[in-house]
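Visitor: Could you put the model up and walk me through it?

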Amino acid sequence: MSKLKVKFSFILLLASSLLSSQNFVGENFRLSTDSGNVVITFEDQNSDGTYIGGVLTKSFGKLTITKKEFQTKFIPNLKKISGKNDYEIVEDSYRLDKYSFDTEIVFIQVGNKIGSITKQEIKKLRKL
């Protein structure tokens, strides 16, 4: 009987940890959430990469924000900018840019790293 309780407790703990974290994989970025933070890791489109030992190594950017900031600022900013042409939104930790030459992509900049998110991906992110 106690082994059954232990197994049940383990399954309950595993299920709750899986439910409390989310992952989303886009074409050029990955979003993960856990313990109050959202981490967006994206392929740096401002770099062609570097060869290390004959192997091409890509460069990546990373944005870490709270879940609250993700829901109250980042997602609304993505929604707002995705419908615009030649527009920018600058926050303390990131910058979003939209250009008229590409109506389907929003660019995200963290430091000197630049990534991209498509309009379709933005629609999916809004449902998280």
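Guide: We can start with the overall fold, then go to the core and the surface charge.

Guide: This is a predicted model, in which local features need pLDDT of at least 70 and side-chain atom pairs count only at pLDDT 80 or more, while totals for chains, interfaces and linings use all residues. Residues are numbered from 1 along each chain as its sequence is written, and side-chain values use heavy atoms, with hydrogens and water left out.

Visitor: How many helices and strands does the chain have?

Guide: The chain has three helices and 10 strands, taken as DSSP runs (helices H or I, at least four residues; strands E, at least two) numbered from the N terminus. Along the sequence they follow the pattern α-β-β-β-β-β-β-α-β-β-β-β-α.

Visitor: And which residues have the most contacts inside the largest nonpolar core?

Guide: They are Phe74, Leu78 and Leu96, in a core of 22 residues; such a core is a set of buried Ala, Val, Leu, Ile, Met, Phe, Trp, Tyr and Cys residues joined through side-chain atoms within 4.5 Å. Helix 2 gives the most to this core, with five residues.

Visitor: Switching to the surface, which residues gather in the patch of positive charge?

Guide: Lys79, Lys123, Lys124, Arg126 and Lys127 do, where a patch takes residues with over 30% relative accessible area and no salt bridge, like charges being joined within 9 Å, and a salt bridge is a side-chain nitrogen of Lys or Arg within 4 Å of a carboxyl oxygen of Asp or Glu. Helix 3 (residues 119-126) supplies the largest share, three residues.

Visitor: Why does lysine 123 count as partly exposed?

Guide: Lysine 123 counts as partly exposed because its relative accessibility is 48%, and the term covers values between buried (under 20% relative accessible area) and exposed (over 50%), with a 1.4 Å probe and protein chains only.

Conventions: Patches are made of residues with over 30% relative accessible area and no salt bridge: like charges are joined within 9 Å, nonpolar side chains (Val, Leu, Ile, Met, Phe, Trp, Tyr) within 5 Å. Accessible areas come from the Shrake-Rupley method with a 1.4 Å probe; for residues, only the protein chains shown count as cover. Lys and Arg count as positive and Asp and Glu as negative; His and the chain ends are not counted. The place of a charge is taken as NZ of Lys, CZ of Arg, CG of Asp or CD of Glu.
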